[in-house]
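Student: I would like to see how the labels for a structure follow from the values behind them. Could we go through this one together?

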Amino acid sequence: MALDFYVIDFETANNYSNSACSVGVVRFIDGKEAGGVYSLIHPAKMYFIPEWTEQIHHISYNDVRNKPYFPEIWDNIIMPFVNENPGLPFVAHNARFDMNVIRKCCDYYGMEIPNIKYFDSLRIAQKTWPDFESHKLPYLADQFGIVYDAHNALDDSVTCGKIVTLAAEKQNTTSIPELLKKCSSKLNNL
């Protein structure tokens with residue numbers, strides 16, 4: 001297996017994990033960006049989108065009120081894209097958050113939990129650059145001169161993928177299994 005993976009990032013309308021309001025998925029093949037998809041999502045319940053979350057990701061009630069719900073986005077946008085290269089692992093920065101969004105949205109809609117294997121780029125970054133004062137995505141991007149729109153799900157995904165690629169270079173590896181081994185990490189099942 002080469003340095004091939006999918007990066008996924010969600011933004012949520014509020015503190016509820018099933019309130020996904022946007023998603024970005026980007027494919028990396030041999031450590032290079034190879035396409036992506038993005039969509040706004042109508043949250044499971046049209047919770048009030050508090051000002052504090054809107055200030056973070058700039059997504060308002062009006063932006064999502066007429067958008068498709070999670071099941072339609074998952075089945076018609078994300079899975080067709082992912083199935084172009086099936087079996088690749090997913091990665092997310094602070095993966096617990098994003099994987100919990102998938103679990104909670106699937107649970108809310110009565111959907112089967114997808115058979116996804118994933119790893120956490122936060123852990124990879126912590127092991128690769130232990131002397132950095134932070135391992136948050138904006139800090140890492142700044143360290144490597146990556147200019148991006150933080151809390152835009154597609155830009156977060158692209159940036160996360162670039163960080164994984166930079167970590168692989170620093171760890172002198174060209175495969176996900178070897179990178180995970182060098183970083184004392186592993187693939188997890190959703």
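Predicted model: local features only at pLDDT ≥ 70, side-chain atom pairs only at ≥ 80, totals over all residues.

Tutor: Gladly! Residues are numbered from 1 along each chain as its sequence is written, and side-chain values use heavy atoms, with hydrogens and water left out.

Student: What makes E1 and E4 a pair of strands?

Tutor: Two strands pair if DSSP finds at least two bridges between them. E1 and E4 have two bridges, in the parallel sense, so they meet that cut-off.

Student: How many bridges join E1 to E2, and in which sense do they pair?

Tutor: E1 and E2 pair in the antiparallel sense over eight bridges. Among the residues involved, Ile8 has Val25 in E2 as its partner. Val25 also stands opposite Val37 in E3, and seven bridges join E2 to E3 (residues 32–40), again antiparallel. E2 and E3 form a hairpin with two residues between them, and Asp30 in the turn has a positive phi of about 50 degrees.

Student: Why are E3 and E6 called edge strands?

Tutor: The six strands form an open sheet in the order E3-E2-E1-E4-E5-E6, with mixed pairing. E3 and E6 (188–189) each have a single partner strand, so one side of each has no neighbour in the sheet. For E6, two bridges join it to E5 (residues 117–120), in antiparallel fashion, and Tyr118 stands opposite Asn188 there.

Student: Why is E1 described as largely enclosed?

Tutor: Eight of the eight residues of E1 are buried, so the rest of the structure largely encloses this strand. Buried means under 20% relative accessible area, exposed means over 50%, and partly exposed is in between (1.4 Å probe, protein chains only). Phe5, Val7, Asp9 and Glu11 point one way from E1, Tyr6, Ile8, Phe10 and Thr12 point the other way, and all are buried.

Student: How do you know that Phe119 is buried, and what does it touch?

Tutor: Phe119, in strand E5, has 0% relative accessibility and counts as buried. Not counting residues up to four places away in sequence, Phe119 touches several residues, including Phe90, Ile124, Val164 and Leu187. Contact here means heavy atoms within 4.5 Å.

Student: What makes Glu84 and Arg27 a salt bridge?

Tutor: The term needs a side-chain nitrogen of Lys or Arg within 4 Å of a carboxyl oxygen of Asp or Glu. Glu84 and Arg27 meet at 2.8 Å, N to O, so the pair qualifies. Glu84 lies in the loop between H3 (70–82) and E4 (90–92) and Arg27 in E2 (residues 20–29), so the pair ties together parts 57 residues apart in sequence. Glu84 is exposed at 51%, whereas Arg27 is buried at 7%.

Student: Which residues form the other of the two salt bridges?

Tutor: Lys182 and Glu178, at 3.6 Å, N to O. Both lie in helix H8 (residues 176–182), four residues apart, about one turn of the helix. Lys182 at 39% counts as partly exposed, and Glu178 at 35% does too.

Student: How do H5 and H7 cross?

Tutor: The axes of H5 (residues 121–128) and H7 (residues 153–170) come within 10 Å and cross at roughly 35 degrees. Axes are lines fitted to C-alpha atoms, for helices over the stretch in contact, with angles from 0 to 180 degrees between N-to-C directions. The crossing is left-handed; that word is used when the near helix is turned anticlockwise from the far one by less than a right angle, while clockwise is right-handed.

Student: Which residues meet there?

Tutor: Ser121, Ile124 and Thr128 in H5 meet Cys160, Val164, Ala167 and Lys170 in H7. By class, this contact has four nonpolar, two polar and one charged residues. Ala, Val, Leu, Ile, Met, Phe, Trp, Tyr, Cys and Pro count as nonpolar, Asp, Glu, Lys and Arg as charged, and the others, Gly among them, as polar.

Student: Which strands does H5 lie across?

Tutor: H5 lies across E4 and E5, running at about 40 degrees to E5.
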